[in-house]
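Hello,

Here is the structure I said I would pass on. Please open it before reading the notes below.

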Amino acid sequence: MRRIFQLLLLAVLLAVSAAGAFWWWASQPLSLAAETVEMSVPPGASLRTAARKAVEGGVRAEETLLYAYFRLAANPDQTIKPGDYEITRGMTPQLLLDKLVRGDRIVLAVTLVEGWNFKQVRAALARAEHLRPETRDMSSDAIMKALGLPGVHPEGRFFPDTYNYTKNTSDLAVLRQSLHLMDKQLAAAWEARSPGLPLKSASEALILASIIEKETGAHGDRPEISGVFINRLKIGMRLQTDPTVIYGLGDKFDGNLRRTDLTTDTPWNTYTRAGLPPTPISMPGRASLIAAVQPASTRSLYFVARGDGSSHFSGSLDEHNRAVNKYQRGIR
């Protein structure tokens, strides 16, 4: 009887010792194959699968041991989220489990820049790391249809910002997020518009904002430039803005705008056609959206670049010509 008791006591002591060792191990940082390793969890993965994926990704631990900890430590109502995860040195099994439960996946980012056109947006998405190129073989019309806007021209419809995404996210999902943000920003700007504008709709405000974005070198000039264009629209004067001509030339533009280009008619040439062009020519940011609907109160009808990013504004053609001579031709 005494022998049996001793054996039972030994078994209990060994179990307690093993349990203690197990929980001590669970409180220690995981050993990794590199400073940072990555694991990919498929949809519907079990805790056992998560343990296996962690080991395959570079966690130096017994798969069964890691699984045992996950099973013991996880609450019954907790599930792990699919996706790609980064594991760094110092991370314990509990911290890893917490990350999987939270869905704290690897986050990447792509930036869409103010003033870009849709071609540049597509190029940036194509270069973005681990962004699934769902739109790669789609036409612009097909993309807009997939976004629920069939027949809508894509230019200017996306808001310039930095967008975060997880690995293998579709580029169409990023475009949808950018589209919705532009809708929100445009609606807010249109709601805050000044009275008496010669703009019939928020769409026209977007077109004007896209021109302001391309014409602006200095942030503070936006309202004044908007004021010039608003004044011209009110009196039926052509906008005569070079960026619209360049946009209309498309791939034919070689970086040098010639006099003959100004007289070559396209739907976007505001030297040959009155009013606003048919579509935006770029992605305007919030400042340009606000400037389009809240122009400066000015008598100016002309402006010319000073060469330092800012513009000189004039109320008459004579004054404008003198400014052109001074700032563009170096004639005093």
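What is the mean pLDDT of the protein chain, and what share of its residues reach 70 or more? This is a predicted model; the mean pLDDT of the chain is 90, and 92% of the residues reach 70 or more. The exception to keep in mind is residues 5–18, where pLDDT stays under 50 and the model has zero contacts beyond four places in sequence. Where pLDDT is low, the predicted coordinates should not be read in detail.

Next, helix H9. Helix H9 covers residues 222–235 and spans 20 Å between its first and last C-alpha, close to the 20 Å expected. Ten of its 14 residues are buried, so H9 is largely enclosed by the rest of the structure. Among the buried ones are Ile225, Val228, Phe229 and Leu233. The buried residues of H9 pack against helices H8 and H12 and strands E7 and E8. After H9 comes glycine 236, with a positive phi near 75 degrees.

The largest pocket has a volume of about 1,000 Å³. It is lined by 33 residues, and the closest to its centre are Asp242, Tyr271, Phe303, Val304 and His320. H9 is one of the elements that supply at least two lining residues each, and H8 and E7 are others. The lining has 15 nonpolar, eleven polar and seven charged residues.

The second largest pocket holds about 450 Å³. Of its 17 lining residues, those nearest the centre include Asn117, Lys119 and Glu155. Helix H5 gives the largest share of this lining, four residues.

Regards

Methods:
Residues numbered from 1 in each chain as written. Predicted model: local features only at pLDDT ≥ 70, side-chain atom pairs only at ≥ 80, totals over all residues. Heavy atoms only, no water. Expected span 1.5 Å × (residues − 1). Buried < 20%, exposed > 50% of the residue type's maximum accessible area, 1.4 Å probe, protein only. Contact = heavy atoms within 4.5 Å. pLDDT = per-residue confidence, 0-100. 1 Å grid on protein atoms, 1.4 Å probe; cavity = no way out; pocket = protein on both sides within 12 Å on 5 of 7 lines; lining within 4 Å. Points joined across faces, edges and corners; volume = space filled by probe spheres on them. Nonpolar A, V, L, I, M, F, W, Y, C, P; charged D, E, K, R; others polar.
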